[in-house]
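Here is a brisk tour of one protein model. It covers a helix, a sheet, aromatic pairs and a few backbone details.

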Amino acid sequence: MAARVFAASHLSGTFVLRSGRTADHYFDKYRFESDPVLLADIVEALVPLVPAGTEGLAGLELGGVPLATMLSSVTGLPAFFVRKQPKKYGTERICEGGDVAGRTLLIIEDVVTTGGQMVLSAQDLRSEGAMVEHALCVIDRGGGGAEVAGAEGITLQALFTMGELEALGPAATPP
């Protein structure tokens, strides 16, 4: 499956990451998240990584939302959708989908680099009364995200590391 994720999402060029860092390659998560067959296979691979005791899946805007939705349909756990900023209308909530107070939530993210947004979202969820000790992502870029999360009491587990995907190299790139 790593070869399929690499082939679907690896791009070469110059890209500015959310962290502000510049990279010469990029994993366009929307390419694996918009492929229904590949997305379903990724979610099946994530199921065994969901920690025991998880009571809800907190999909981070935007890339974590399709993953959390699909993972919810497979596990039966409720999905919640965590915004970067609350809307200025409607419910004006940072977390949509129901009350998270008292629930043990698993943060769901697509790609993690520095872990900054994951930590901010965990803090938002905790301020609403949720317990957040674990996060799950498809790709850990190896930019310090696991360490940043760990400093906040969150264990990050990735389906793939950037190193694993990079090791596939051009052999995994479609013709």
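## Ile 42 and its helix

Ile 42 lies in helix H3. The model is predicted: local features need pLDDT of at least 70, side-chain atom pairs count only at pLDDT 80 or more, and totals for chains, interfaces and linings use all residues. Residues are numbered from 1 along each chain as its sequence is written, and side-chain values use heavy atoms, with hydrogens and water left out. Helices (H or I, at least four residues) and strands (E, at least two) are DSSP runs, numbered from the N terminus.

Is Ile 42 buried or exposed? Ile 42 counts as buried, at 0% relative accessibility. Buried means under 20% relative accessible area, exposed over 50%, and partly exposed in between (1.4 Å probe, protein chains only). Leaving aside neighbours within four places in sequence, Ile 42 is in contact with Met 1, Val 5, Phe 32, Leu 67, Val 138 and Leu 159. Contact means heavy atoms within 4.5 Å. Asp 124 is 82 residues from Ile 42 in sequence and 27 Å from Ile 42 in space, C-alpha to C-alpha.

H3 spans residues 36-46, and its buried residues are Leu 38, Leu 39, Ile 42, Val 43 and Leu 46. Seen down the axis of H3, they fall within an arc of 135 degrees, so they line one face of the helix. The arc is that of the directions from the helix axis to the C-beta atoms. An α-helix has 3.6 residues a turn, so residues three or four places apart point the same way. On the face turned away from the buried side sit the exposed residues Pro 36 and Val 37.

What covers the buried residues of H3? The cover includes helices H1 (2-9), H2 (29-33) and H4 (64-75), along with strands S7 (131-140) and S8 (155-161). At the start of H3, a side-chain oxygen of Asp 35 comes to within 3.0 Å of the backbone nitrogen of Val 37.

## The sheet

Six strands form an open sheet in the order S5-S4-S3-S6-S7-S8, with mixed pairing. Its edge strands are S5 and S8, each pairing on one side only. Two strands pair if DSSP finds at least two bridges between them. S6 and S7 run parallel and are joined by eight bridges. Among the bridge partners in S7, Leu 136 faces Ile 108 and Val 132 faces Leu 105. S7 is mostly covered, with seven of its 10 residues buried.

H5 lies across S3, S4, S5, S6, S7 and S8, at about 160 degrees to S6. Axes are lines fitted to C-alpha atoms, for helices over the stretch in contact, and angles run from 0 to 180 degrees between N-to-C directions.

## Aromatic pairs

How many aromatic pairs does a search of the whole structure find? The search finds two. Rings of Phe, Tyr and Trp (its six-membered ring) pair if their centres lie within 6.5 Å; planes under 30 degrees apart count as stacked, over 60 as edge-to-face and the rest as tilted.

| Pair | Centre to centre | Plane angle | Type |
|---|---|---|---|
| Phe 6 and Phe 27 | 5.7 Å | 65 degrees | edge-to-face |
| Phe 15 and Tyr 26 | 5.2 Å | 25 degrees | stacked |

Phe 6 lies in helix H1 and Phe 27 in strand S2 (residues 22-27), so their pair ties together parts 21 residues apart in sequence. Phe 6 is buried, with a relative accessible area of 3%. Phe 27 also counts as buried, at 3% relative accessibility. The pair of Phe 15, in strand S1 (residues 10-16), and Tyr 26, in strand S2, links parts 11 residues apart. Tyr 26 is partly exposed, with a relative accessible area of 22%.

## Loops

Thr 113 is in the loop between strand S6 (104-112) and helix H5 (116-127). Thr 113 is buried, with a relative accessible area of 17%. Its side chain makes a polar contact with the side chain of Arg 141 (3.4 Å). A polar contact is a pair of N or O atoms within 3.5 Å; within protein, one must be able to donate a hydrogen and the other to accept it, and residues adjacent in sequence count only if both atoms are side-chain atoms. Beyond four places in sequence, Thr 113 touches residues including Leu 17, Ser 19, Arg 21 and Gly 143.

Two backbone details remain. The peptide bond from Glu 61 to Leu 62 is cis, with omega near -5 degrees. Leu 62 is found in the loop between strand S3 (56-60) and H4. Glu 92 has a positive phi of about 55 degrees although it is not a glycine. Glu 92 lies in the loop between strands S4 (79-82) and S5 (95-96).
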